[in-house]
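Please read the points below with the model open beside them. They go through side-chain contacts and the surface, one topic at a time.

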Amino acid sequence: MLCAVGDVVSQPITITNPMDTPIPLDVMLSNTRNFRIRDEDIVVKPLSTYTAILDYIPSSLSDFECAEIQFLNPDVGTWEYKVQGKGKPPSLMKTTLVRTHNKFTKQTRLWNVHATVGEAASSLFSFRNPFPDSLTVEVTMVQLSQHDDGKVIMERPPGTSGSHSGHSPTGVSRQRLRPHSALPPVFDILLKKPKVTLEGFGTLQVPISFLPNFVSEAGAHIIIKGDKELEWVYPIRDSISEFNVDRESPKPRESCEKKLSLDLLALEKVTLDERFTVEWDIPEPHSRVIERTLTVTPLVDSIASVTTPLEYLVRFDPLKPIRLTVALVVKKRSGGLWRFDIHLDASDPVVDDVLTIESALNQTSSVSFKLTNQFRESAPFQAEFTPGSSQAFTVHQLVY
C-alpha cells in the first residue's frame, strides 16, 4: 500500500463464511499506529462473504511499515493476513466535502463554508503531524480568484507569511499580485504565529474566517510547509455565501397559488448562460408531509442583468392545519445561494359536510360517506369523534 504522509488509503479484505450459521469474528492487529480495521463488530452471514476495510496511515517516508491481521473465531478458525505500506511525499491532498454553516469542523480535507453576505463565518481546520518525531510547520493561505479570461489566479491574503513564489504543487502560478484597488479576500487564517513546532503525532488547530462581499463562488488553498521540503496543500473551494430575505406567504384554507418575484441581492455579475435552480429546505419532522403540499414552477429562471428578478409560481395544497416557516433556496450554477423564508399558515378547514342521522328509539341507524386518497400510494387514516361527542355514536371503516 502506498500513501502520502498526512493522508489515508484503504484496502478491502474479503472473508468467506463456509458455514450455514453466522460467525462472529474477533480482530487482532499487530500495528495499530499505522493500520486500522474500520469495522468493530464483524459477523459474517451464513454462506456469504464479508468485506472489511483496512486503512493505512503512513508515518515514515523511508521505511516500509508492516502489520499482521488476524480474524479469529473459536469454532471456525483464523484468517491471517500480512500487509505492508510505505509513505510518499505529500502534495495536493484528496478532497472530501464537508458542509458547515457558521460552525466549527475538525475535518482536514475540503470545506464548503456557508456565510451570509457581510457577516463572517468561521471554520476550524485541524492538521496532524503524521510523524513520531517533532515537526516545524509554517501555515499560509493563497486565495483562488478567476480572471476575466477564465484563468485561475492565486492571491495571497494580507497577513499571511512565507514565500511560495515559483514552484507550486498544484501547477497554478502564484506570481500575480493582488491590485491595491481590489476588494479584500474573503478567506483568512487567524493564527497568531504562522510557524509552529508540533510534537510527534501532535495536532494544530487553524481557525479560518470567511467574509464574503458578494454572493459568488470563492476558493483558497491552505499550505502547510514542513521540514525536508514537505508541503501539504488543502483546498477550500466551492464555498458559497448566502443572502437571507424574508417573504410572507398567504394563509390558505384550501389550495392557493402565489407568484414570487425574487430579487437576488448582492449578486455581483451574471452571464447569459447562467442557470438557477430551486429546492425546498423544510425542517424536520415536517419535511415528508410538507414536500407533498408545495410545488414550485419556474417562470423566469435565467436573467441577463443582476437587477432582474427571478419569478416562480408557488402552489400550496395543505393537507392539515399547520403553521410553519420553510425556505425556498435559489442556487446559482456557478456558485451562490439565496434563502427566501416563506411562512405557511393553513387554518382549520371549513366543515366538509353535515351528516343527519334519524333513528327510532333503541334502534340503530347509519350513514356512510367516502374519503378520497390524494396520494398515489396507500395512505393510512384514522376516523374518530372529537372529545365531548355523545357516546351514542360509533364509527367504523368500510372498504370498497
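1. The structure holds 0 disulfides, a disulfide being a pair of cysteine sulfur atoms within 2.5 Å. Two cysteines may be looked at here. C66 has a relative accessible area of 44% and is therefore partly exposed, while C256, at 18%, counts as buried. In these terms buried means under 20% relative accessible area, exposed over 50%, and partly exposed in between (1.4 Å probe, protein chains only).

2. A note on the basis. This is a predicted model, in which local features need pLDDT of at least 70 and side-chain atom pairs count only at pLDDT 80 or more, whereas totals for chains, interfaces and linings use all residues. Residues are numbered from 1 along each chain as its sequence is written, and side-chain values use heavy atoms, with hydrogens and water left out.

3. How many aromatic pairs are there? The count comes to 6 aromatic pairs. The rule takes rings of Phe, Tyr and Trp (its six-membered ring) whose centres lie within 6.5 Å; planes under 30 degrees apart count as stacked, over 60 as edge-to-face and the rest as tilted. One of the pairs is F35 with Y56, which is stacked because the ring centres are 5.0 Å apart and the planes are at 25 degrees. This pair links distant parts of the chain, with F35 in strand β4 (residues 35-37) and Y56 in strand β6 (residues 49-56), 21 residues apart. Strands here are DSSP runs (E, at least two residues), numbered from the N terminus. F35 is buried at 1% relative accessibility, and Y56 is buried at 0%.

4. F127 and W232 form an edge-to-face pair, 5.1 Å from centre to centre with 65 degrees between the planes. The two lie 105 residues apart, F127 in strand β11 (residues 121-128) and W232 in strand β18 (residues 231-247). Both F127 and W232 are buried. Together with Y234 they form one aromatic cluster.

5. A charge also meets a ring. The charged end of K86 sits over the ring of F64, 5.1 Å from the ring centre. The test is that NZ of Lys or CZ of Arg is within 6 Å of the ring centre and within 35 degrees of the ring normal.

6. The whole structure has 9 salt bridges, each a side-chain nitrogen of Lys or Arg within 4 Å of a carboxyl oxygen of Asp or Glu. Among them is D55 with R38, at 3.0 Å from N to O. D55 lies in strand β6 and R38 in the loop between β4 and β5 (42-44), so this bridge ties together parts that are 17 residues apart in sequence. D55 is buried, at 2% relative accessibility.

7. Which residue pairs with E257 in a salt bridge? The partner is R315, with the closest N and O atoms 3.2 Å apart. R315 lies in strand β22 (residues 310-316) and E257 in strand β19 (residues 256-262), so parts 58 residues apart in sequence are tied together. R315 is partly exposed at 32% relative accessibility, and E257 is partly exposed at 48%. R315 also meets D317 in a salt bridge (3.1 Å, N to O). Elsewhere, salt bridges that share partners join R36, R38 and D55 into one network.

8. F385 is found in the segment after β24 (337-346) and is partly exposed, at 41% relative accessibility.

Conventions. Helices (H or I, at least four residues) and strands (E, at least two) are DSSP runs, numbered from the N terminus.
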